[in-house]
Amino acid sequence: MSSDESEFDQTLLLPTNTTDRLQRYKKNTSYGRRSRSKRSRSNKSKGISSSEQNRSKSESRELTKTRTTTKIRNSLASALEYAPSKTTTQLFEINYLQTQLADAHLCANAHLIFIPDINRSQGLYHENGLKCSLCGKISPFSNFPPKPLYEVQVPNHRLYVANSFTGIGYDNMNLIMSILCLKIPNKTNFIPQVLQTYDSLYAYVQEHFRSVVQDIRSSHNVESNNTDQFVDLAVSMDGTWKKRGFVSHYGIVFVIELESGLALDYEVLSTRCEKCEKNKRERTARDFRSWFVKHKDVCEQNWDGTAKGMEVEGARRLFERSVDKGFRYKWLICDGDSSAYEAVKRTYIVEDTDEESPQQNPNEEDVDDSEDEYSDANDNDQTNETTRGDVEQDLVVKEDCINHVQKRVTSRLKDIRTKYSRLEFRSRSSTTDRQKSSARSKKHRILLSDGKPYSGSAGRMTKEMEQKFTSLYGNAIRESKMDLNEDEAVVLMQKKCRAVFYHYIDQVDKSKQHQYCPTGPNSWCKYQSNTLDSNTKNGKLKKKYLDPVFLEIFHDMIEILTSKDLLRRCLRGATQNSNECLNSIVWTILSKTKNHGYRSIRGAAALACLYFNQGRSGLIAYFDHVGLDVNEEFINIVIDKDKERLQEAIAAAEKQQEINERKKQLRFDSIAAEADTFDYGSGRH
């Protein structure tokens, strides 16, 4: 839950730099008692009496003054003297209100008198009375249908659910309700009820995951009760942390099925337990150990490693649980970090223990069995090959997110630019020592092998060319054709990716420069298309190519980014956009700037999965599950939200298609403009 500030009291008017809450904490805990005993022993040894200590404390308290106390002193004093209004507000359920009015006792020629809160109110729930003006009989008149004392009253239950869905915390909720002249349960009761709501969300979404599993298995023609048959799935997995910089106490790992786009499972990892931390402070070591024996089964700390290792551990747990669901996550879409893949790639391989060979009886005679040994060796080789093939078949296959692969072009070009754009001392021939020292004191840009700097002139590298390489490389990967044979598709993708780099690096032999460009009259490469005249082919094109020296500089980068192993992992053209979307939903429910515990984050992740799989309309079934009815207004709100989501998805898809077509047309137009060098000239018209 969100951290809460201390309430103002009269003692804040005194200038002090230590809050009363901290003083009370030090007074009532074992830490404070030990500190006081140490100070008292040291003061006694110095001969300082307790009266002198109190006098010095009061003097220092009066002398201490902060800007905060100066600013709020006057406003706080006036607020303490302000006369509050007698206005109070209650929420009423209309149908139940009409029923109670009809059932209330009323004598002839009498009227009803409303008596508020005949019993102590319970947050938003009030037990009022209707008194007959003649006989004085009081009829019960509560604002909502009452429930037993061991259950949460309906208005308070709705309040807890609303707070869980929005994540605004107790302080903000209390402020909103106080502005509406409504009183909510105190913080001691409020926070545990909100945490129970998050727990119910988690349990409900686990049931939802089981229904999703049954639907996916049914779509693959596998019966739900057939536990011996597994379904191989392609999934995308990504982790998110509550705090950036690998210093977070909490992390979440989601698994999304690639074909349907449904979230299948998630794991929340925590490196802290608030109850353990509190009891460590307030108990002795011996008392804490005895307390922890009962607490360890519900301890919220389920990971004792680093924040960076949360994604690896979460992936391992999710893959191990997939077998219980009847799945095998055969293909894993992940980013450039391979540590998670290394942890799960052998999940579905069953390690067989070698059986011990029977020992030979020493009484038996030794015989020449060289032929048998030769045949056994052949049999063992065949067995090993078969076993190796089975192992490779059961390995998890890693596939890369094409967005992350595309970013590698930018990162590598940035590293190359940093390497060749730095300044260095360049020695020059000079006759005097003074000229030598002045020459050494000047820094110059690094020159390439052709004697020119990396950038800054025609034929050199620019930011525009870096962006063009990145964009065209991503388009070449996205244009992969899955209908071809895998090897043929990889070769075609490799050719397209290499064409991106080779086409824009000038070479003396133009056939080598454009060897990877598509051929034919409709090719975007004007060299390969047969529409240019001889003068254009002789080099009168407008120069927008890089100098030949860049082919040597970019050689290693091109080989790595166009390797068949890398491109084979990109054939599916999958991304982690769904995971990024799901991660963002979690932190729109719970703000990263506030303090939240394990149960809150686990419940918010469950709610995010519900939104992601079913939309806001999935809340209707949850309300029915927890026994809360929904009215027409709520149904209209969730329907409008889902319709808006559908419209945005359709509009985004259409916009992306238009952008791709426009980029393709602009590319053809720009290359045609480069080739068209004879439209205008001096004295030509």
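Student: What makes up the contact between H23 and H24, by class?

Tutor: The residues in contact are Ser578, Cys581, Leu582, Ile585, Val586 and Ile589 of H23, together with Ala604, Ala605, Leu607, Ala608, Cys609, Tyr611 and Phe612 of H24. By class they comprise 12 nonpolar residues and one polar residue, with no charged residues, where Cys and Tyr count as nonpolar.

Student: Why is H14 described as roughly antiparallel to H16?

Tutor: The axes of H14 (residues 402-421) and H16 (residues 463-478) come within 9 Å and cross at roughly 155°. Angles over 145 degrees count as roughly antiparallel, so the description applies to H14 and H16. Their crossing is right-handed.

Student: Which residues of H14 and H16 make the contact, and how are they divided by class?

Tutor: On H14 they are Ile402, Asn403, Val405, Gln406, Val409, Thr410, Leu413 and Arg417, and on H16 they are Lys463, Glu466, Phe469, Thr470, Ser471, Tyr473, Gly474, Ile477 and Arg478. This contact has seven nonpolar, six polar and four charged residues, with Gly counted among the polar ones.

Student: How do you know that the length of H8 is close to what is expected?

Tutor: H8 (residues 187-219) has 33 residues, and from its first C-alpha to its last it reaches 48 Å, which is close to the 48 Å expected at 1.5 Å a residue. After H8 comes asparagine 221, with a positive phi near 60°.

Student: Where is the pLDDT below 50?

Tutor: The protein chain averages a pLDDT of 82, and 76% of the residues score at least 70. Residues 531-542, however, have a pLDDT below 50, with 15 contacts in the model beyond near neighbours in sequence. Residues 677-685 are also below 50, and have nine such contacts. Where pLDDT is low, the predicted coordinates should not be read in detail.

Methods
Residues are numbered from 1 along each chain as its sequence is written. This is a predicted model: local features need pLDDT of at least 70, side-chain atom pairs count only at pLDDT 80 or more; totals for chains, interfaces and linings use all residues. Side-chain values use heavy atoms; hydrogens and water are left out. Axes are lines fitted to C-alpha atoms, for helices over the stretch in contact, and angles run from 0 to 180 degrees between N-to-C directions. Helices (H or I, at least four residues) and strands (E, at least two) are DSSP runs, numbered from the N terminus. Angles under 35 degrees count as roughly parallel, over 145 as roughly antiparallel, 65 to 115 as roughly perpendicular and the rest as oblique. A crossing is left-handed if the near helix is turned anticlockwise from the far one by less than a right angle, and right-handed if clockwise. Contact means heavy atoms within 4.5 Å. The expected span of a helix is 1.5 Å times one less than its number of residues. pLDDT is the predictor's confidence in each residue, from 0 to 100.
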